[in-house]
Amino acid sequence: MSAAPEQDMERRLRGLFGSNVGCEGPLAASGAGLRLTGIDLRPRLTPEQATFLLDALSRFGVVSIPGQDLETFSLAHMERFANHWGAPIPHPNNFLRGGKMAQSDGASDGPVEWLPFDRRRASVVSASFPGQLECLPHESPTVLVVSNFAGVLPANSEEQPAAARVTAGGSWHTDIEYEPLPIYVSMFLVHKSPVARNAETGTWVEDPTDGSDDIRPYLDGSDAELYRLRKTLPLNGETAFADTAAALAALPPSEQASLERTQVRRRLNEGDEGWLAPLVRTNPRSGIKSLHGPIWASRPRVRPAVEVDDMTPEASRALLDRLEAHVLQPQFRYDHPHVPGDVTIWDNYMTLHNAPPVKTNITSVDDARLLYRLSCKGDPALTLPRNDPPEWLESHVTGSYTTPPGTIDVE
Ligand SMILES: [Fe+2]
């Protein structure tokens, strides 16, 4: 996405965050990814610091800020930080709508009820490795707990543990691209990353595609090379990214121009009329153009496939499969290693991402992978609290959620 960070950027960084900070990048061959070291995210950001970070993401698509002290950096600090990037969005795992779980059911209706932590699926995480690994305390509905050990039996259980298994990985997507205002920025805080390695392969998991022609979770009908690209995923629990800005820039100018005029019809549920959304977005800060979610079926069997406006379904799928195969080429890929204490922020309009294969039914804490994700919508804010109009919140944020003042003021 960008050339190496100039000295000018480094000077600006030191002036804003102190002399112990540094920047390394790009992290990916495509030009994406920037690592900022020595930044403590507990204090409030000044408007100038927030501006610097927003600028960095607008150029690099992925920004990693490692080194947060998990003894003192809390999920309240994380949620306050997230407020600069957009309005934090409650995750469907964390509320009921009309008395039922809202996950992947866009048609559900009724009042929203936030679930307290001890009624969430994530609460079993702390029961899995007592005394060794506990979820960071939180009640916010915006925190999605990502873990691979919801099924660990307590040590005194007489039940036989299920056999360890390696998942196939997820499907390539951008977060919540199926709503009229898609998620703009998502971020992970890493609590635990697997350290166990297979003696033979040197990786955490063995490649689940070895000798397998299983296409799950994808739908059939794509060509073999596209399945191969989709299924080539990192094996140490990293999150896989693809740089859709570099991929767009690598296409012939005439094709870029044609894609800039292309609209896709997105739908929340099968049978909806849906709405038209641009395939190419221009970052308002950096001016960089990128492909937003150029995937025919990014949530197979959950959300309807995308259709290119004014094209037959066949031509539409052919175009989107071709774009997906282009974007997933190795030169646009970046696998981000998760290190405890790292805050990784990504722009969903400039990247695609995918969950890697993970070992489940684990019995050792060395296999544990524990991350917290927050996602944001709307415009950034240089100062907090945010000032989103009630009618905007009503339209775009479940339950018109806003971060409570106590979290914005966390010390
Ligand atoms: Fe995601």
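Guide: Start with helices α1 and α2: they are roughly antiparallel to each other. (Angles over 145 degrees count as roughly antiparallel, under 35 as roughly parallel, 65 to 115 as roughly perpendicular, and the rest as oblique.) This is a predicted model, where local features need pLDDT of at least 70 and side-chain atom pairs count only at pLDDT 80 or more, while totals for chains, interfaces and linings use all residues. Residues are numbered from 1 along each chain as its sequence is written, and side-chain values use heavy atoms, with hydrogens and water left out.

Find α1 at residues 7-17 and α2 at residues 47-60. (Helices are DSSP runs of H or I with at least four residues, strands are runs of E with at least two, and both are numbered from the N terminus.) The axes of α1 and α2 come within 10 Å and cross at roughly 150°. (Axes are lines fitted to C-alpha atoms, for helices over the stretch in contact, and angles between N-to-C directions run from 0 to 180 degrees.) The crossing of α1 past α2 is left-handed. (That term applies if the near helix is turned anticlockwise from the far one by less than a right angle; clockwise is right-handed.)

Now the side chains. From α1, the contact takes in Met9, Arg12, Leu13, Leu16 and Phe17. Among their partners in α2 are Phe52, Leu53, Ala56 and Phe60. (Contact means heavy atoms within 4.5 Å.) By class, the contact of α1 with α2 has eight nonpolar, two polar and four charged residues. (Ala, Val, Leu, Ile, Met, Phe, Trp, Tyr, Cys and Pro count as nonpolar; Asp, Glu, Lys and Arg as charged; the others, Gly among them, as polar.)

Move on to a second pair. Helices α5 and α8 pack at about 45°, with their axes 9 Å apart. They are therefore oblique to each other. Here too the crossing is left-handed, as α5 passes α8. Leu226, Leu229 and Arg230 of α5 meet Asp321, Glu324 and Ala325 of α8. The contact of α5 with α8 has three nonpolar, no polar and three charged residues.

Next, the metal. His173 (NE2), Asp175 (OD) and His353 (NE2) are the protein donors of the iron ion, and they lie 2.2 Å from it. (Donors are N, O and S atoms within 2.8 Å of the metal, or 3.2 Å for Na, K and Ca; water is not among the atoms, so sites may look incomplete.) Their spacing in sequence is H-x1-D-x177-H. Histidine 173 sits in the loop between β9 (165-166) and β10 (185-192), and histidine 353 in strand β19 (residues 351-354), so the pair ties together parts that are 180 residues apart in sequence. Both histidine 173 and histidine 353 are buried. (Buried means under 20% relative accessible area, exposed over 50%, partly exposed in between, with a 1.4 Å probe and protein chains only.)

Finish in the loops. A cis peptide bond joins arginine 216 and proline 217, with omega about 5°. Proline 217 is in the loop between β10 and α5 (224-231). Another cis bond joins leucine 384 and proline 385. Proline 385 is in the loop between β21 (370-377) and α9 (390-396).

Arginine 301 is not a glycine, yet its phi is positive, about 70°. At 60% relative accessibility, arginine 301 counts as exposed. Aspartate 310 has a positive phi too, about 65°. Its loop lies between β16 and α8 (313-327).
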